[in-house]
Amino acid sequence: MKIDLHSHSTCSDGLLSPAELVERAVLRGVDMLALTDHDELAGLEAARAAAQHWGLRLIDGVEISVQWEETTLHIVGLNVDADHAPLMDGLAAIRAGREQRAQRMADSLNAAGITGSLEGARRYAKNPELLSRSHFARYLVEAGHARDTNAVFRNYLTPGKPGYVPHQWAALKDALGWIAGSGGLAVLAHPGRYPLNQQQAEKLLGEFVELGGAAVEVVTGSHTPEEFVVWARYAKRFGLRASAGSDFHGPGEGYRDVGNVPVLPAGCDPVWSGF
Ligand code: AMP
Ligand code: MN
Ligand code: MN
Ligand code: MN
């Protein structure tokens, strides 16, 4: 069984439509795929139809942007009910906040002499409700401010750099409430990416467990193989299950193609065992 529980489409900051994503997953031998667009469920219907056509098992997912203390976290919801009103309303509010953040990002880039970024980013956003830093990054490459999107994130759009603005995302408690309320399982996405020391990581995991979190994303395109082991240990210590996903955004972007998901370290309890 080839399983990938984290991926994006053009409904957020991915480069393939939901149907194209599913087709690519099928061609790459994936049996079970979760579409987990940022703060958006709109791609699931088309993904489901394509999955049915190809005989792939699609897991309805989402990746929710959360502000926890000083840190922005991503919480993946798996097997959510895409018609659950509190989840839909919560995500709509996050998307509205993204629009305001984009305006402030463009102001910040303007102050650094980079003009036209809001209009430029909009041209890359197939979903007008979901403006992401990735869309700004693609425009900055197009406009010649960086060689590729990785270089953009090194020099812009990240804390302390032009184009970065702080933002109030959803509360962890709310995001976990929407996911659990919709019958889904909450996964702490790519924990190795957050700027947390050990004590802060333990505090986060403690709260995550207390609020009903289900799993830690142990294997992800954002982790090194050494980090797979580190986060497998954390998961075990906190009684959490383990998830795995590529976090695929598009051909040529990011580290792992869809379905390129190494096996979990020994001793993990896979979050998908009941799917
Ligand atoms: P946002 O949710 O709008 O703040 O955008 C976050 C997205 O930007 C992530 O989901 C990634 O797709 C992308 N991103 C963040 N940091 C980097 C990075 N260092 N290199 C490439 N893409 C990144
Ligand atoms: Mn993304
Ligand atoms: Mn993420
Ligand atoms: Mn992601």
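In this predicted model, 53% of the 275 residues of the chain count as buried. Two manganese ions, ligand 2 and ligand 3, are 5.6 Å apart.

**Overall fold**

- The chain contains nine helices and seven strands.
- Along the principal axes, the C-alpha atoms fill a box of roughly 50 × 45 × 40 Å.
- Among the contacts in the chain with a separation of 6 or more, 72% are made by residues 24 or more positions apart.

**Manganese ion, ligand 2**

- The protein donors of this ion are OD of Asp 13, NE2 of His 38 and NE2 of His 249, at 2.1 to 2.2 Å from the metal.
- The spacing of these donor residues in sequence is D-x24-H-x210-H.
- The two histidines link distant parts of the chain, as His 38 and His 249 are 211 residues apart.
- His 38 lies in the loop between strand 2 (32-35) and helix 2 (44-54), whereas His 249 belongs to the segment after strand 7 (241-245).
- Both His 38 and His 249 are buried.

**Manganese ion, ligand 3**

- Here the protein donors are OE of Glu 63, ND1 of His 74 and NE2 of His 190, lying 2.1 to 2.2 Å from the ion.
- In sequence, these donor residues follow the spacing E-x10-H-x115-H.
- His 74 and His 190 are 116 residues apart and likewise link distant parts of the chain.
- His 74 is in strand 4 (residues 71-78), while His 190 sits in the loop between strand 5 (185-188) and helix 8 (198-210).
- His 74 has a relative accessible area of 13% and therefore counts as buried, the cut-off being under 20%.
- His 190 is also buried, because its relative accessible area is 1%.

Technical notes
Residues numbered from 1 in each chain as written. Chains lettered and ligands numbered in written order. Predicted model: local features only at pLDDT ≥ 70, side-chain atom pairs only at ≥ 80, totals over all residues. Heavy atoms only, no water. Donors = N, O, S within 2.8 Å, 3.2 Å for Na, K, Ca; no water. Helix = DSSP H or I, 4+ residues; strand = E, 2+ residues; numbered from the N terminus. Buried < 20%, exposed > 50% of the residue type's maximum accessible area, 1.4 Å probe, protein only. Contact = heavy atoms within 4.5 Å.
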